[in-house]
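Please read it beside the sequence and the coordinates.

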Amino acid sequence: PTAPAMLSGTVKSYSLNLKGVADTTLMQNLLGKANLDFVDGALKGTNIAGQVLKAVSALPFVSGSLFSKLPPEQTAAINGKDTALKSVTGDFAIGESGMNTDDLLVDGGIFKLYAKGRVGFDATIDLNATIKFTPEFSESLASAVKEIKTIYDPAGQLVIPLQIRGKAPDLKVEPNTKDLLKLAGKSALADKAGQ
């Protein structure tokens, strides 16, 4: 209750099954399961797509960040301070003062984020995730940096592994550059082998 609101939107459906002792340790001893389906909202104070693209700058075929390569018409969608959310779905196991998930799916319109990890009752977040940008958005990046296609999946989506950590609303979104370089290297090797 004392934390600032980090989500806005509409809860489409939510189920919760809890057990615990209703005393001063309630938040620590809660156990149970939850399912969430949330639509038409926003994550306040963090623009996930913008932070990811600004942070990816250690690729050998890109000078500067991926964000700097975006066409102007795409920049507006990811330059705000919040993340627009078309939907958020997931199943959660509740215990030890927080919720754990293996199947969190966030649809941000121009991307889908798949995550697993922990969301604490104190608003701390520790998630390992993969963000996949839509083929249309990915293609707009490829028009500026054609080598970026080496880290696209077979569906033509830019794929970036990342971690989301911190205490809302001050979340740190960190791309896993090491894994990105591995993806780019594997793709380059496959291309050379094909030639």
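The protein chain has five helices and eight strands, where helices (H or I, at least four residues) and strands (E, at least two) are DSSP runs numbered from the N terminus. This is a predicted model, in which local features need pLDDT of at least 70 and side-chain atom pairs count only at pLDDT 80 or more, while totals for chains, interfaces and linings use all residues. Residues are numbered from 1 along each chain as its sequence is written, and side-chain values use heavy atoms, with hydrogens and water left out.

**Overall fold**

- From the N terminus on, the order of elements in the protein chain is β-α-β-α-α-β-β-β-β-α-β-β-α.
- Along the principal axes, the C-alpha atoms of the protein chain fill a box of roughly 65 × 35 × 25 Å.
- Of the 195 residues in the protein chain, 42% are buried; buried means under 20% relative accessible area, exposed over 50%, and partly exposed in between (1.4 Å probe, protein chains only).
- Contacts (heavy atoms within 4.5 Å) between residues at least 6 apart in sequence join residues at least 24 apart in 55% of cases.

**Surface and charge**

- The protein chain exposes about 10500 Å², of which carbon and sulfur atoms supply 56%; accessible areas come from the Shrake-Rupley method with a 1.4 Å probe, and for residues only the protein chains shown count as cover.
- The 21 positive and 20 negative charges of the protein chain have mean positions 4 Å apart.
- Lys and Arg count as positive and Asp and Glu as negative, with His and the chain ends not counted; a charge is placed at NZ of Lys, CZ of Arg, CG of Asp or CD of Glu.

**Aromatic contacts**

- The structure holds two aromatic pairs; rings of Phe, Tyr and Trp (its six-membered ring) pair if their centres lie within 6.5 Å, and planes under 30 degrees apart count as stacked, over 60 as edge-to-face and the rest as tilted.
- Phe 111 and Phe 133 form an edge-to-face pair, because their ring centres are 6.3 Å apart and their planes stand at 65°.
- This pair links distant parts of the chain, with Phe 111 in strand S5 (residues 111–120) and Phe 133 in strand S6 (residues 124–133), 22 residues apart.
- Phe 133 also pairs with Phe 137, and this pair is stacked, at 5.1 Å centre to centre and 20° between the planes.
- Phe 111, Phe 133 and Phe 137 form one aromatic cluster; Phe 111 and Phe 133 are both buried, and Phe 137 is buried too.
- Lys 54 lies over the face of Phe 67, 4.7 Å from the ring centre; a charge sits over a ring if NZ of Lys or CZ of Arg is within 6 Å of the ring centre and within 35 degrees of the ring normal.

- Helix H4 (residues 135–142) has Phe 137, Ser 138, Ser 140, Leu 141 and Ala 142 buried, and their cover includes helix H2 (48–55), helix H3 (72–78) and S6.
- Ile 131 lies in strand S6 and is buried, with a relative accessible area of 0%.
- Ile 131 and Ile 160 are 29 residues apart in sequence and 5.3 Å apart in space, C-alpha to C-alpha.
- Leaving aside neighbours within four places in sequence, the contacts of Ile 131 include Ile 48, Val 52, Phe 111, Leu 158 and Leu 162.

- Most residues other than glycine have a negative phi.
- Asp 40, not a glycine, has a positive phi of about 50°; Asp 40 is in strand S2 (residues 31–43) and is exposed, with a relative accessible area of 61%.
- Ser 97, also not a glycine, has a positive phi of about 65°; Ser 97 lies in the loop between strand S3 (83–95) and strand S4 (98–107) and is partly exposed, with a relative accessible area of 26%.
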